[in-house]
Amino acid sequence: MKKKSFAVSMLLFVAVFCHAQTDCKVASDNLKGTYSGDCPGGKANGKGVAVGKDKYEGDFVNGYPEGIGTYRWED
């Protein structure tokens with residue numbers, strides 16, 4: 001029973017994680033790649049993490065990083 005519950009939990013986690021990354025748009029070219037976080041209206045809005053050439057973890061407004069967050073450049 002534990003194995004079955006674990007398998008179902010993992011499938012649910014993967015489904016939710018993949019869904020968040022494919023439906024949400026990040027406007028900054030250097031951050032386009034994967035995104036997980038708040039996504040009302042199909043754009044990154046609210047708290048999230050975007051990873052492309054660079055990485056940003058923090059607040060987004062209309063797909064752009066804005067507000068409090070941590071930006072890490074490629075180099």
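Is Lys47 buried or exposed? Lys47 is exposed, with a relative accessible area of 53%. Here, buried means under 20% relative accessible area, exposed means over 50%, and partly exposed lies in between (1.4 Å probe, protein chains only).

## Before we start

This is a predicted model, in which local features need pLDDT of at least 70 and side-chain atom pairs count only at pLDDT 80 or more, while totals for chains, interfaces and linings use all residues. Residues are numbered from 1 along each chain as its sequence is written, and side-chain values use heavy atoms, with hydrogens and water left out.

## The overall layout

Let's begin with the whole chain. Its secondary structure comes to 1 helix and 4 strands, and from the N terminus on the elements run α-β-β-β-β. Helices (H or I, at least four residues) and strands (E, at least two) are DSSP runs, numbered from the N terminus.

The chain has 75 residues, and buried residues make up 20% of them. Its accessible surface comes to about 5,500 Å², of which 60% belongs to carbon and sulfur atoms; such areas come from the Shrake-Rupley method with a 1.4 Å probe, and for residues only the protein chains shown count as cover. Among contacts with a separation of 6 or more, residues 24 or more positions apart account for 15%. Contact means heavy atoms within 4.5 Å.

## The nonpolar core

The largest nonpolar core holds 8 residues in all: Cys24, Val26, Leu31, Tyr35, Ala44, Ala50, Tyr56 and Phe60. A nonpolar core is a set of buried Ala, Val, Leu, Ile, Met, Phe, Trp, Tyr and Cys residues joined through side-chain atoms within 4.5 Å.

Take Ala50 as a guide to this region. Not counting residues up to four places away in sequence, Ala50 touches Val26, Leu31, Thr34, Tyr35, Lys55, Tyr56 and Phe60.

## Rings that pair up

Rings of Phe, Tyr and Trp (its six-membered ring) pair if their centres lie within 6.5 Å; planes under 30 degrees apart count as stacked, over 60 as edge-to-face and the rest as tilted. By this rule the count comes to 4 aromatic pairs. Tyr56 and Phe60 form an edge-to-face pair, because their ring centres are 5.0 Å apart and their planes stand at 85°. Both Tyr56 and Phe60 are buried.

The rings of Tyr71 and Trp73 have centres 4.6 Å apart and planes at 45°, so this pair is tilted. Tyr71 is partly exposed, with a relative accessible area of 24%, and Trp73 is exposed, at 58%. Ring pairs link Tyr35, Tyr56, Phe60, Tyr71 and Trp73 into a cluster.

## Charged side chains

Side chains of opposite charge can pair when their charged atoms come close. A salt bridge is a side-chain nitrogen of Lys or Arg within 4 Å of a carboxyl oxygen of Asp or Glu, and the count by this rule comes to 2 salt bridges. In one of them, Lys32 joins Asp29, with the closest N and O atoms 3.2 Å apart. Lys32 is partly exposed at 46% relative accessibility, while Asp29 is exposed at 60%. Asp59 forms a salt bridge with Lys47, the closest N and O atoms being 2.7 Å apart. Asp59 lies in strand E3 and Lys47 in strand E2, so the pair ties together parts that are 12 residues apart in sequence.

What about Asp54? This residue sits in the loop between strand E2 (46-51) and strand E3 (55-61). Asp54 is buried yet has no salt bridge, and the nearest side chain of opposite charge, Lys53, is 5.9 Å away. For charges, Lys and Arg count as positive and Asp and Glu as negative; His and the chain ends are not counted. Leaving aside neighbours within four places in sequence, Asp54 is in contact with Asn30, Leu31, Tyr71, Arg72, Trp73 and Glu74.

## Loops and the end of the chain

Glu74 is in the segment after E4 and is exposed, with a relative accessible area of 57%. Glu74 and Lys53 are 21 residues apart in sequence and 5.8 Å apart in space, C-alpha to C-alpha.

Asn62 is found in the loop between E3 and strand E4 (64-72). Its phi is near 50°, a positive value in a residue other than glycine. Ser28 belongs to the loop between helix H1 (2-23) and strand E1 (34-37), and Ser28 is buried, with a relative accessible area of 17%.
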